[in-house]
Amino acid sequence: MFLCYNLSLKNFFVTSDVISTNLNRSIIDVMNKDFKQGELKRFVKEYDGSKYGYPYTLEIYGVKKDGKKFKYYESSEAATFAYKNSEKYFIKGKDYLVYAYPLKLTENCMSCHQNEKVGDILAILTINYDLKPLFKEFNRKMIFYFFILFPIPLIFAFFLSRYISKKLRMKFNRLATIVENVNTVKDLKKVSVEPIDFGFVEFNKVVEHINNLTQKIRNFAVDKDILEFEIKILEKFIITSEVIKDWKETVKNLLLEVNKLMETYAIFSLFKVDDEMLSLEIFWLKKPSLNTIELTEKFITKKIKENVSFFSDVTDLRLEHNIADNNSYLKELTEEDIAIQTKSLILDAPRIGGVVGIGVHSEMAMDNIHGLVIEGILATLMNVVGSVKAMAKYTKQLEYYTTRDPLTNLFNQRVFWEVLGYEVGRASRNNYKFSILLVDIDNFKSINDSYGHSIGDYIISEMAGIIRQCLRKGDILARYSGDQFVAILPDAGEEQAFNVGKRIQDTVFAHTFKSVDDKDIRLTISAGIAIYPDHADNAKDLFIFADNVLKRAKDEGKNLVVIPTQEEVYEVFKAITEKTIIVTKAVNERRILPYFQPIIRNSTGVIECCEVLSRIDTPEGILNAYEFIEIAEKINLISRLDIILLENAIIEVVKSNFKGLLFVNLSPRSLVMSEFIPEVMRITKEYNFDRSRIVFEITERETVKNLSLLEKFIANLRVEGFKFAIDDFGSGFCSFQYLRRFPVDFIKIEGEFVRNILNDRKDHILVKTLSIIAREFDIKTIAEYVESKELLDEMTNLGITYSQGYFIGKPSPNLP
């Protein structure tokens, strides 16, 4: 409508211009016919548009001339402009138009206007157009047509939107259906990449982008089911003690479990046994045919040759087949099946446990995405199987050496006490006698000092073989301490025990040991005998009796095998009684002296800790702990002794301003004393001593029967801030059980392992393994028996945190 309005207005302007031009020409024509002034007025009146209903009027404006005029032109802006500029003038107002024409004198006018000249302006003609009626008419018509035409575009728009909406809805529903059907990565393959024509460029672009996004997601997306599958598989890789005991059974069970999630015919593992041997273990789900076995071996061997660079050096490839389900048969596999469905991971160099490669034979391996997941599982499986095999190997070694002395392969002290306790019980039930024979090498310290520890170790090892040869088949031999051996002789009385002792004495005396420079070394032994139940009715007293008899043999000149006479039995018991009195008096008088043995941090060489050792001050001299601890335990004074030792040690530490940790041996008897913890709390509070600086040492062989009680005891003390260490770690059966059950801060590695580490590969492996295990548990390690710089350097190389031993410092009443 506005367009129509603009067009109508434009036409009116054109028309008015034409009319105005024609009127101007007409009046000029009239003037050229020698008209009078009255005729001009009649012309204006005759042609005035208002007379005929046209929207314009005519005006003639005269100019001043000799005081005569028609009208003053100054009364009209248009007339004034036309007169001054002597040309046509046009004004466009809001609701009007004005045309002004100057009427100039011509030749024909000169007869009447003699005082003027041609070209002078006689008058101004103005034509005035009133647009109000035109606007009023237009508004009326516009309103009319608006109400008539307005519904038409609305109706058109309504039907057009319905049509477009329906068309778009169909296209979008199709797209939504495609998207809703994508529930797994596999479904992405079903998504059509053909463009959906929405009829709009913009929507078509969106669909194109969605298709591109789908393609990208398809390339790297991992299905939720696959992730769940991988998690379930990885859950089967938990390493437990049962797993370590029999790794092959574990892999078989793992294969059965894996088949609950994905069908897998076989798992194979490749191990490097040594530089020239590879061991290939193939674990079958079911019994395979000979043809399947042959094809599989051929395929895997080819894979190994292609991927293992050192295969040319291998002279022996040992193959072994294991079957998880012996009651079922595997379907026949072709060469193509094996090649396509086998996923393997083979390394150029062996990992932990000697594992070089591993693989699975499964139909899922053909799927690219599942294949990627299987590769990840294989990497984990390789580590698990390698770790399990390595741990199984090291665990067997650890189990062996927890019962054996690493230097002599004899039973260690821990086993001796177990067997002695068992033998006491058996002898008591069956009412028979048995003997123990305690053997000590004479002057062994001078051998070590003269020839060195390597010769000393050689002699100890040789001595073990000699004594073993002199015993009967059923006798039990153990290495009790450095140069001391002890034998349990079942069903042996005094005479039989003495004969065994003499046989050992004579054999040793006749044997020649060799030094490094091939010099002959001759040795003798001293031995003490105790008979059950003649000399004691329990294991500890029986051993104490044999030990006292051995000391008497040493005091009487050595190279003796002593069976105590009745008088000597009396003397032994008297000595024991005297020591009992000494210990009792020392405890009552609080004469328990703390001796401090320094412990250094290997990385810095700085003394950061001290072990507190107990001594008793007597008129005859200082008694070492091994001389009175067993008596103190027997007469139930050990807990009081521990409390006194701890208090005296703290007094010395405060006095000397020592800032390090104190390692204090804890007797198992303290576990059952309700007043022990309150007493410890009292001491630390009284001397304002930081409890976190006290580390209680617990020894496995002493507390193995009190694990539950010990667990509660440790928990109560840890709450108060105290720390704990396992002493002689590796010497007993339950070392790893301790790590699992107790939150310890330190482990002190059994000194016998440390002492021989430079000469014995097995000891080296054991200490290294213990160091690794401790780090995994975030536990600090302390090596005992560090008696040379070479040992200290090796402990540092193995990552042992601290070292303790005579090379570091001997026990002293003075703090470092």
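## Crossing of H14 and H18

Helix H14 passes helix H18 in a right-handed crossing, a crossing being right-handed if the near helix is turned clockwise from the far one by less than a right angle, and left-handed if anticlockwise. Both belong to a predicted model, in which local features need pLDDT of at least 70 and side-chain atom pairs count only at pLDDT 80 or more, while totals for chains, interfaces and linings use all residues. Residues are numbered from 1 along each chain as its sequence is written, and side-chain values use heavy atoms, with hydrogens and water left out.

H14 spans residues 413-430 and H18 residues 539-555; they pack at an angle of about 110 degrees with their axes 9 Å apart. (Axes are lines fitted to C-alpha atoms, for helices over the stretch in contact, and angles run from 0 to 180 degrees between N-to-C directions.) H14 is therefore roughly perpendicular to H18, the class for 65 to 115 degrees. From H14, Phe 416, Trp 417, Leu 420, Gly 421 and Val 424 meet Ala 539, Lys 540, Leu 542 and Phe 543 of H18, contact meaning heavy atoms within 4.5 Å. This contact has 7 nonpolar, 1 polar and 1 charged residues (Ala, Val, Leu, Ile, Met, Phe, Trp, Tyr, Cys and Pro count as nonpolar, Asp, Glu, Lys and Arg as charged, and the others, Gly among them, as polar).

## Packing of H21 and H22

The axes of H21 (residues 638-656) and H22 (residues 676-686) come within 10 Å and cross at roughly 10 degrees. The two helices are therefore roughly parallel to each other, a term for angles under 35 degrees. Asp 642, Ile 643, Leu 646, Glu 647 and Ile 650 in H21 meet Phe 676, Glu 679, Val 680, Arg 682 and Ile 683 in H22. By class, the residues of this contact divide into 6 nonpolar, no polar and 4 charged.

Strand E7, residues 316-329, contains Asn 322. Asn 322 counts as buried because its relative accessibility is 7%, the limit for buried being under 20% relative accessible area (1.4 Å probe, protein chains only). Leaving aside residues up to four places away in sequence, Asn 322 touches Lys 248, Lys 252, Glu 281, Ile 282, Phe 283 and Trp 284.

## Overall composition

The protein has 28 helices and 25 strands, which are DSSP runs numbered from the N terminus (helices H or I, at least four residues; strands E, at least two). Of its 816 residues, 45% are buried. Among contacts between residues at least 6 apart in sequence, 68% join residues at least 24 apart.

Methods. Buried means under 20% relative accessible area, exposed over 50%, partly exposed in between (1.4 Å probe, protein chains only). Angles under 35 degrees count as roughly parallel, over 145 as roughly antiparallel, 65 to 115 as roughly perpendicular and the rest as oblique.
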